[in-house]
Amino acid sequence: MLENVDRIGCDEPFRQIVENSLDTIKVLDLQGKIRYASPSHRGVYGREAREYMGESAFDSVFPEDLSKLVYALEVVMQRNKPVTVQLRKQHQRGHWIWVEASCSPIMDENASIQGIVLISRDISERKEYEKKLQYMAFHDYLTGLYNRRKFMQLCESALELASGRNIRLAILILDLNQFKWINDHLGHDMGDVVLQEFSKRLLQCKRDHDFIGRLSGDEFAILMNQVESEADIIQLIEHIMAALELPFELAKGAHQVTASIGASMYPDHSESLSMLIKRADLALYKVKGEGKSGYNGYCIYQNS
């Protein structure tokens, strides 16, 4: 049926290119069955080329990516146009490999499609790099928490979801007390260690559906989803304060680190994210203004 497959061994230059290519090359019939597989499959997937003969091109494709390949092959057969798709294929050892597959039609002398050439390239390293870039775009490099940009996006999404559904949320703004003293007297390296350890303790305290972000310097924020009342806020704050009772072990000895916390609630104090943050800040400044800069203190905003 696929005369082109039989010709692979006849054209020596073409055969040399195919058999020495680092990309994997398959020739499929119109039912998606494999009629030819290049030797490079062994190096990429850990299987001998002959083992693929007669199998379906859809075998060993990651389940969530099957629809991509189905669509690509349908486009090739219906429009006689090449299509490129990215999907995951399973290695013989069980792990998944990201590949970029180029699907092209095989035409006969009458311009009728007789099959499909599937040329795939391992792009796992590229995907890993893209994943790291995406992570860096939305996370703080030092603590691993969400950065300001991502945290604000999460808050906006949460507010949009809560709108009109009788769902209450809370925003907490946290500020480390005497952090400047730590930087000035212990050094910025120790300051970074404090920020990292503080972040770890916050993560241990948060509820499963809450989000934490580092807004800037020693300023952090928590989005509390599904808040029933102020009691939920106070419970989390007290959990955080209890976590800070254990001194931080630094290179220059153990140091007690404390925080001031301000909070506001949606929709009680505002339906605007910017106003909720502003009012949580006002509550935070009230704590600091009362002279509680050397130990844990908190305040929940109250409408005047």
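Is S60 buried, exposed or partly exposed? In this predicted model, S60 is partly exposed, with a relative accessible area of 28%. The residue sits in the loop between α3 (41-45) and α4. Q178 belongs to the loop between β6 and α7 (179-186), and at a relative accessible area of 52% it is exposed. A positive phi, near 55°, is also found at N80, the residue that follows α4.

Helix α4 itself comes next. It runs over residues 66-79, 14 residues in total, and spans 20 Å from its first C-alpha to its last, close to the 20 Å expected at 1.5 Å a residue. The buried residues of α4 are L69, A72, L73, V75 and V76. They lie on the same side of α4, because they cover an arc of only 155° around the axis. S67, Q78 and R79, by contrast, are exposed on the other side of the helix. The cover over the buried residues of α4 includes the strands β1, β3, β4 and β5. The spacing of such positions follows a simple rule: an α-helix has 3.6 residues a turn, so residues three or four places apart point the same way.

One of the strands covering α4 is β1, and T24 lies in this strand, which comprises residues 24-28. T24 counts as buried, at 1% relative accessibility. Once neighbours within four places in sequence are left aside, the contacts of T24 are S38, S40, H41, V44, Y45, L118, I119 and S120.

Two cavities of 30 Å³ or more were counted, and the largest cavity holds about 60 Å³ of space. Its lining is made up of K26, Y45, A57, V61, L69, L87, K89, V99, A101, L118 and S120. Two or more lining residues come from each of β3 (83-90), β4 (96-107) and β5 (113-122). L69, one of the lining residues, is also among the buried residues of α4. Likewise, Y45, L118 and S120 take part in the lining and are in contact with T24.

Helix α10 can be described in a similar way. With 17 residues (273-289), α10 reaches 24 Å from its first C-alpha to its last, close to the 24 Å expected at 1.5 Å a residue. Buried positions in α10 are L273, L276, I277, A280, D281, A283, L284 and V287. Their arc around the axis is only 160°, which puts them on the same side of α10. The other side carries the exposed residues S274, Y285 and G289. What do the buried residues of α10 pack against? Their partners are α6 (148-162), β6 (169-176), β8 (219-224), β11 (259-266) and β12 (297-300).

The loop between β11 and α10 contains P267, which is joined to Y266 by a cis peptide bond with omega of about 0°. Y301, in the segment after β12, counts as buried at 15% relative accessibility. Not counting residues up to four places away in sequence, Y301 touches A263, S264, H269, R279, L282 and A283. Of these, A283 is also one of the buried residues of α10. The C-alpha atom of Y301 is separated by 50 Å from that of L87, a residue 214 places away along the chain. L87, in turn, is one of the residues lining the largest cavity.

Finally, the cysteines can be considered. The closest cysteine sulfur to that of C205 is in turn the one in C155. C155 is buried, with a relative accessible area of 1%, and C205 also counts as buried, at 6% relative accessibility.

Technical notes:
Residues are numbered from 1 along each chain as its sequence is written. This is a predicted model: local features need pLDDT of at least 70, side-chain atom pairs count only at pLDDT 80 or more; totals for chains, interfaces and linings use all residues. Side-chain values use heavy atoms; hydrogens and water are left out. Buried means under 20% relative accessible area, exposed over 50%, partly exposed in between (1.4 Å probe, protein chains only). A disulfide is a pair of cysteine sulfur atoms within 2.5 Å. Helices (H or I, at least four residues) and strands (E, at least two) are DSSP runs, numbered from the N terminus. The expected span of a helix is 1.5 Å times one less than its number of residues. The arc is that of the directions from the helix axis to the C-beta atoms. Contact means heavy atoms within 4.5 Å. On a 1 Å grid over the protein atoms alone, a cavity is a set of points where a 1.4 Å probe fits but cannot get out, and a pocket is an open set with protein on both sides within 12 Å along at least five of seven lines; lining residues have an atom within 4 Å of a point. Grid points are joined across faces, edges and corners, and a volume is the space filled by probe spheres set on the points.
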